[in-house]
Amino acid sequence: MATLVETLINGLLLGALYALFGLGLSISLGVMRMINIAHGDLIVAGAYIASVVTQGAGVHALTSLIVVVPVMFAMGWLLQRTLLNHVVGSNVFAPLLVTFGLSVVIQNLLQEVFTADTRSIRAENISQVGFDIGGVSIGLLPLLSAGVSVGLFALTHAIVGRTHYGRQSRAVADDPSTARLVGIDDKNFFAIVTGFALAATAFAAVLYAIRTPFSPTAGPERLLYSFEAVVLGGLGNLWGTFFGGLIIGVAQLLGARVSSGLGPFFGHLVFLVILLARPQGLFAKAAR
Amino acid sequence: MTGRAVAAERGANGRALHGALKVSRLVLSPVILAGLIALPWYGDFGMQRLLVEVFTLFAIALAWNLLAGYGGLVAIGLHFFIGVGSYALFSISNVLHLNPWVALPFATVCTAVAALISAWPMFRLAGAYFAVGTWVLAEITRIAVLNTGWLGAGAGMPLEMISSFDRWSRNAYVYWSSLAVGAGSLVLTVAMLRSRLGLALKSVRDSEVAALASGVPAIHAKLALWVIAGSIAGTAGAVSYMSTLQVTPDASFSLSWTASAIFIVVLGGIGTVEGPIVGTLVYFALREAFAGFGSWYFIGLGSLAVVMMIGAPGGAWSLAQRFYPIDLFGIRRRMPVAKTHPEAIRS
Amino acid sequence: MLRTESLCASYGLFQALFDVSIEVAPGEVVALIGANGAGKSTLFRSIVGSVGVAKDAVVLGAEPIGNASERRQLKRGIALVPEGRRLFPSLTVLENLQVAARNGRAGIWSIDRILAELPILSSLSARPATALSGGQQQLVAIGRALAANPDYLLCDEVSLGLAPVAVDDVYALLRKVRSAGSGIMIVEQNISRALSESDRFYCLQKGRVALTGRSGDADRSSVAQAYFGI
């Protein structure tokens, strides 16, 4: 059985992938104050797109990103512009129920097109390679996923801090009505933000597809992990989401040590317990 | 609270129930009711099973609608209660060798207790976070049950005590239970909304800040709502599984319960009592019509829900209301619109 | 000339403004006075697009521009400094200006020029905007509106809660804006200040214009009457 240290490290690496799942959710929540229930299904859709590209063009899974990222950006942009812009800022229900309906549509569309069978993307040169670091066995794929995750979080952080779009995001997140007052054009801007969120999610989708066999109904579980990462980290806190993801990853793998089917259960349990103790999340919005 | 106030409140609630029964009589008119009660004698088992589905799903939709439409609590994890209620029924009946119908009220109590306990973590979340949080709750419970040997783990449990009934009786009693659950939930919902709790909820729904400032105990109202809605859903779920005779974690804790409830309420009209009635009829009509289309049926349903939320958030009932404004249950309170004529100011 | 013509505005069932007709010309300062709830903020918000009104209720030059979005009105050269300043807490002073500049029009009020006119601010430009004093924040808020290079600047309650020295700074800035050619409307609680800093004034009472005239000629008792509705 793997050592405790190995489980912890692999938990952190898995957690980094969960953090990446949560990144897109964190961005939409922060800027548009909306939870996209279809977020998990969009991850799975991305996985299917990557699968199609990989098989169709005969390229490596990571190369498929060249197609998957722009496609998902476009999907996000379109989704926001055609559907979600109509329900942003209104009551609690509308965005939840619209994205809930969307979730059902996506799952069933995927089922129609791809059947209910599970599939995965083969990338043996990553998924079967591992290193032995100080007696601990670590796979290349988890390391790569963690690296990509950290990189994307850092990129997002830089964009939020230094670019015009980042400033606008922070302004809208602070005070949507005053943001309108200084001329921020909601509709187009939100579309770009959602596009970016989905583009980041594309990376998560491809890495996930290589790592785990997926099927059309795998979406909801991804959403729950993303959600837990975001809430644990503290709403409005980007790096909080990253650490939230790490916590879920570690909790799941530690749980799986106890009993192999109970990984996700422990993740949910840790989430609920932390929620009871600190409802605002571990790192509430960075006070300014 | 003074003695007079308490008596007044009891009086108000009593009148509310009385009023609700009076009004519900319009809809559950004696003829329809009699016809439904007599069904086991002229309908076949297939029809009874279908109606059990209709009535229990209607009750669940009512519960979801109560939470969302009147309490502002969107609970994507409502199926938590269905699983808890059905497992409570089966385990109590099996372990204590109780007649399932005797065990049913205990299952309701279990669900209510589950609601009380779950409120502690869940009410720490608000809005969309509450919505997904309840989903986490349902998921964690599902997994827990799935891994619990004495609950049958993945294969679930049968309802042992029901085999002592002959087939006709069993079908009839389950059918009548579902009718009672459906009708009872309706009466309970209407009574509640016409009571002080209902007024409190409506004021919180309109403006929580104002309600709190006026002394409306928002948290108590929401908790009461959560317990009532949860109990309705749990009881309906329990009766539903009486019909299928076997309860499994994946089925009873399945999101599709909540999804169906959501579709019914969205299609019919959130925040009205007539909405779920219309929605249930539409839902089952669509289901029977398009059953053969597999995934396309759900794609259509999902798209319809999306379109309705964007275009007609009040659902089919609000669309109909534009042509025929009726308030079937006497719940809506209309504020008279004051025509203000401020005097011209002399400069 | 920016005008409203018989403007009516409501919040749901509650009507806040009744047939309000006001105007402001480029280069002039117009004061809007009135008790709390008289409708002053609502009037500004109607002009600038935050509250929906009839299309011909707001006229710019000869063009009816009512009911447009805030962004449209900014592009037409109308900017609002909102009540309570409402700076973005997650942005620095400079970033508050940058966000507005990027979404406004080009013109003489570049960020450099704004900071030059307000030397106190240039040393604070990297601070989070809400970490400044009330008076400094008000200057930033005006600067933020200026960054959009408006022809008409609407200032809602610019001196509320500020020390007299800070108020002086604010009005000094407004004078510079006026001499650069913009028309300014100010909502000001301090009636004497309002009248001394403006060319003309309107007094609102319960959503109607109760009194108007040249500020220099204003007679205190008739202003008080119009203000209080006695």
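**Exercise 1. Find which residues Ile228(B) touches, leaving out residues up to four places away in sequence, and decide whether Ile228(B) is buried or exposed.**

*Solution.* 
Step 1. Keep in mind that you are looking at a predicted model. Start by placing the residue: Ile228(B) sits in helix α11 of chain B, which covers residues 218-244.
Step 2. Look for its partners. Once residues up to four places away in sequence are set aside, Ile228(B) touches Leu66(B) and Met192(B).
Step 3. Count its surroundings. A residue is buried if 20 or more other C-beta atoms lie within 10 Å of its own. Ile228(B) has 21 C-beta neighbours inside 10 Å, so Ile228(B) counts as buried.
Step 4. From C-alpha to C-alpha, Ile228(B) and Pro276(B) are 17 Å apart, and in sequence 48 residues separate them.

**Exercise 2. Work out how the axes of α8(B) and α11(B) are arranged, and which residues make the contact.**

*Solution.* 
Step 1. Recall what is needed: the angle between the axes and the distance between the axes describe two packed helices.
Step 2. Take both values. The axes of α8(B) and α11(B) come within 9 Å, and they cross at roughly 170°.
Step 3. Classify the angle. Angles over 145 degrees count as roughly antiparallel, and α8(B) and α11(B) are therefore roughly antiparallel to each other.
Step 4. Pick out the residues. On α8(B), the contact is made by Val174(B), Ser177(B), Ser178(B), Val181(B), Ser185(B) and Met192(B). On α11(B), the contributors are Ile228(B), Ile232(B), Thr235(B), Ala236(B), Val239(B), Met242(B) and Ser243(B). Here you meet Ile228(B) and Met192(B) again, the pair that touch each other in the first exercise.
Step 5. Sort by class. The contact of α8(B) with α11(B) has eight nonpolar residues, five polar and no charged.

**Exercise 3. Describe chain B as a whole, then find which element gives the largest share of the side of domain 1 that touches domain 2.**

*Solution.* 
Step 1. Chain B has 16 helices and two strands, and 46% of its 347 residues are buried.
Step 2. Consider its contacts with a separation of 6 or more. Residues 24 or more positions apart account for 79% of them.
Step 3. Divide the chain. The domain assignment gives domain 1 (9-253) and domain 2 (255-326).
Step 4. Bring the two together. In chain B, 19 residues of domain 1 are in contact with 16 residues of domain 2. On the domain 1 side, α4 (45-71), α5 (79-96) and α8 (167-194) of chain B give two or more residues. The largest share, eleven residues, comes from α4(B).
Step 5. Check the classes. This side of domain 1 has 14 nonpolar residues, five polar and no charged.

**Exercise 4. Find how many residues of chain B and of chain C are in contact with chain A, and what classes they belong to.**

*Solution.* 
Step 1. Begin with chain B. On the chain B side, α7 (127-146), α13 (255-268) and α15 (295-311) give two or more residues. By class, this side has 26 nonpolar, six polar and two charged residues.
Step 2. Move to chain C. Here the contact takes 21 residues from chain C and 16 residues from chain A. In chain C, α2 (70-76) and α3 (93-103) each supply at least two residues, and α3(C) gives the most, with six. The chain C side divides into ten nonpolar, five polar and six charged residues.
Step 3. Chain A has a mean pLDDT of 90, with 97% of its residues reaching 70 or more.

Terms used: Residues are numbered from 1 along each chain as its sequence is written. Chains are lettered from A and ligands numbered from 1 in the order in which they are written. This is a predicted model: local features need pLDDT of at least 70, side-chain atom pairs count only at pLDDT 80 or more; totals for chains, interfaces and linings use all residues. Two residues are in contact if their C-beta atoms, placed from the backbone, lie within 7 Å. Helices (H or I, at least four residues) and strands (E, at least two) are DSSP runs, numbered from the N terminus. Ala, Val, Leu, Ile, Met, Phe, Trp, Tyr, Cys and Pro count as nonpolar, Asp, Glu, Lys and Arg as charged, and the others, Gly among them, as polar. A residue is buried if 20 or more other C-beta atoms lie within 10 Å of its own, exposed if 12 or fewer, and partly exposed in between; C-beta atoms are placed from the backbone. Domain bounds come from an automatic or database domain assignment. Axes are lines fitted to C-alpha atoms, for helices over the stretch in contact, and angles run from 0 to 180 degrees between N-to-C directions. Angles under 35 degrees count as roughly parallel, over 145 as roughly antiparallel, 65 to 115 as roughly perpendicular and the rest as oblique. pLDDT is the predictor's confidence in each residue, from 0 to 100.
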